[in-house]
Amino acid sequence: MSLRDVSINVNGTDYQASVEPRLSLVELLRKKLSLTGTHVGCEHGVCGACTVMVDGRSVRSCLMLAVQADGAEVVTVEGLSEEQGPLGPLQAAFRRCHGLQCGFCTPGMLMTLTDFLTRNPEPTRDEVRIALTANACRCTGYKGIVDAAMEAAAEIRRAS
Amino acid sequence: MGAKYFGARVERREDEPLLRGKGQFTDDIVLSDALVAVIVRSPWAHARIDSVDVSEAAGMPGVHSIWTMADLPDCLRGRQTPIQVPNAAIRQPHNFPVLADGEATFVGEPVAVVLADSRELGEDAAQMVFVDGVPLPVAADVGTAAEPGAPLMHSSLKDNIAADLVLQFGEDENPFEAAEVVIEETFRQHRGCCQAMECRAVQAQYDALTDQLTVWSAAQAPHMVKNIIVEMLGHDDGKVRVIAPDVGGGFGPKGMVYPEEVLCAALARETGRPVKWTEDRREHFLSTTQERDQIWTMRVAADRDGRLIAVEGDLVHDSGCAAPWGIILPYIAATTVPGPYVIPNYRMRMRSVFTNKPPTTPLRGAGRPQAVFAMERMMDRLADRLGLDPAEVRRRNMIRPDQMPYRMGLIYRDGSPLTYDSGDYPECQRLALAKADWEGFKQRQSAALAEGRYIGIGVANYVEGTGLGPYEGSKARVAADGRIEIASGAAPQGQGQKTILAQIAADAFGVPMEDVDVRVADTGIVPIGIGTFASRVTVNAGSSTHNASKSLRAKVIKFAALRLEVPEADIEIDSRVVRARGTNRSVTLGELRQFANGMPGFTLPEGLEPGLETADWFSPRQATYCNGTHVAEVEVDADTGAVEIRRYVVAHDSGRLVNPMAVDGQIQGGVAHGIGNALFEHMHYDDEAQPVTTTLADYLLPMAPDVPDVEIVHMETPTPLNPLGVKGAGEGGTIPAAACIVAAVEDALRPFGARFSECPLSPQRIVEVICQSKKVA
């Protein structure tokens, strides 16, 4: 299959890759760029584990082709805090509130909520729950995740 | 040395790497030069396979090799995988081979393996592998498959009955004859499938120089994976290592040892290259074990005060195409039915029945949710019949705390008489009812009804055998830098076991938690073990960690006394330094380790073993029994059949809590799974056993708006059966949830005379029942 060149900025770093047109964005991130924090849960756009930010909006990276992300700025879970620095406010709230157990859905949860809290900085618990319909979690029963989103929202508001 | 960490809401050490995207799940591991395995699966539920034509596929780009049963090494040919939990009561111990061997017995059964340079190229080739088969009659439904003359699941069987046995106790000859009340009902229950967010995944690597075979697998029981690989491949036991890295949820089905694990190991050894296989979600629906269908016919006899005289039943369990976990599921179910109640006479017939569907193995709750559903629905019927409050009927029948330890009369699956060790069931129910304002509900219900809203309440109780043996090992040692290292046979999938074991070890040894490292889920560090299931790890691995840490402390004190030349009583451990009280003499733990390892010519005092290392294999003498009461309050939309869970209360007693935050998480998550079982999750098959719900858009998982914040009341009755007093808390959130929610839905729809004998309840079903009632009216 003929290859296409893709230029993509991920977490502030520019990458060039030659990819098959059928390669999904998540496979590009995981296999070509070794960013394995983004997970593949269903590959049909329901579970949300693969959620990343593309040009500022949350996207299911299993449903987007790598070639569609040509020229885009992508943020993945690895970009939510400095590698040696402290956890970001949402990440820290997840740990405090027991918002994760196995941690497999967590990167997608973090990206969905990062997008959501940007657009709705003062949400109700119900609004958080509606936003989370984009993501499935089999472990937590969601309470810790909703708690974490509420705490992080409050902290982000205080800081800004 | 008090408990500093035990009982504290300690944040989890597992979290930070996972939150940074630095977890290491099986598919994340990169082995250089790895081949990717793609499995060609049977499109038929039952077929004779005449040939597998790989000629076209073999020449496609990136294809390394293609393997059918005929190509596999001798050790795998013509062989079934071993039954993981054998039992003499299995009359037809059928299990499946690693690749279909002339006959396929479920849609999704592995038929061939393509090894390729990438998954994409492997999938391209897999589509060009032509499996030539002749469809055979299908044992599609567990109910009809049990009948004489039903199509056989496999041509080698004489019928589809894997096992047929009876459990019973009680002296009365005919308890039903004289009873004032007799109630009978049949329940059809469905428990769906695993749906861990991480699908299964395996990588295997073979090193010819050392003959070492290393397997990474998203598994709950790496030791069982190792045992079966050793047995099937005939590989030296000391040269097989199985590691479960970060595992993205398990819930039971990852405790099964799968053909893909054996195949990857075998093909890595055959090809000399690493082999990687990652299940996709469709394969998960097709081939990961499920729990699926059970049919229960129940009969209860009681007096007019609602006191139980006898319970009897007939349980038909869907085993699928094999019996990898033997008869564990129906057996656990049959021993769970009596629950917290005094039952003078009990008889349960259970049949485990083969069907042309994936095998069933334990899924969070493991047969208990169905048992509790059958029993608790009967308690609701009894209350209805006698015009009594459902909670009151239950209270009248409960085992009292002064009857503990209570011997029920059955033998549990651990082989010991089923004896409840401790607990106060009436108090637990009372606490749940009080928290849920059970008393005030009638008023709330009438008020809602006056507004045209239908709200209902349900209660359900359970007792769960947890913490099963035979054992789990832990080693404790002082590392070179003076840190304490715990190596445990535990194998977590999100429960936070590294944190919990660190809490236990830090308390027992007497150091800050930060000085304790915990390694788990690797047969290379603890060579024998059992695995994570049956809410057993905190009981078994927790207790062995406690014991090993305590004996390590004793050993450190002995060596320190020798080294510092003071009596043992004068030794104190202060983080990584050991001091002699009242002197300025001290030694670091790292130095003491060197000393204990010995020097040439140095003589150890009699009775002192070298090295600062200890091990313990905690082996409980029987299961512990935790218990709980759930209360759900729901509102049902009579037009759409939608159910909203307004409140959900859990009062439970799982003994002492090591980390209440983790226990709360287990309960909240367990209830979510139970909500799925009550209202959403249905793995549908058609009449030919073709799966029809093979995406997460068809098979509905509970999502955030479906799961309320669970209100939790903890009771802590320590069990006398282990040094920590813990009982296990992984499944109690799930076990009574379906019974409780279906009772609440039924209560809400009393004005329509609704009765439900099944779960899950779909909106369609609810609307159907309401419409029927309107027609009758």
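This is a predicted model: local features need pLDDT of at least 70, side-chain atom pairs count only at pLDDT 80 or more; totals for chains, interfaces and linings use all residues.
1. Strand 1 (residues 4-10) and strand 2 (residues 13-19) of chain A run antiparallel and are joined by seven bridges. Together they make a hairpin with two residues between the strands. If you check the turn, you will find A:Asn11 there with a positive phi of about 50°.

2. Strand 1 of chain A also pairs with strand 5 (residues 73-75) of chain A; here the two run parallel, with two bridges. A:Val10 has A:Val74 of strand 5 as its bridge partner.

3. Now to the interface: 42 residues of chain A are in contact with 42 residues of chain B. On the chain A side, the elements that give two or more residues are helix 2 (89-96), helix 3 (106-119), helix 4 (125-131) and helix 5 (143-159). Helix 2 of chain A gives the most, with four residues. Sorted by class, this side of chain A holds 19 nonpolar, 15 polar and eight charged residues.

4. Lastly, chain B as a whole. Its secondary structure comes to 18 helices and 29 strands. The radius of gyration of chain B is 28 Å, close to the 28 Å that the globule rule gives for 777 residues, so chain B is as compact as a globular protein of that length. Along the principal axes, its C-alpha atoms fill a box of roughly 95 × 75 × 50 Å.

5. Of the 777 residues of chain B, 59% count as buried. Among contacts in chain B with a separation of 6 or more, 81% come from residues 24 or more positions apart.

Methods. Residues are numbered from 1 along each chain as its sequence is written. Chains are lettered from A and ligands numbered from 1 in the order in which they are written. Two residues are in contact if their C-beta atoms, placed from the backbone, lie within 7 Å. Ala, Val, Leu, Ile, Met, Phe, Trp, Tyr, Cys and Pro count as nonpolar, Asp, Glu, Lys and Arg as charged, and the others, Gly among them, as polar. The radius of gyration is taken over C-alpha atoms; the globule rule is 2.2 Å times the number of residues to the power 0.38. A residue is buried if 20 or more other C-beta atoms lie within 10 Å of its own, exposed if 12 or fewer, and partly exposed in between; C-beta atoms are placed from the backbone. Two strands pair if DSSP finds at least two bridges between them.
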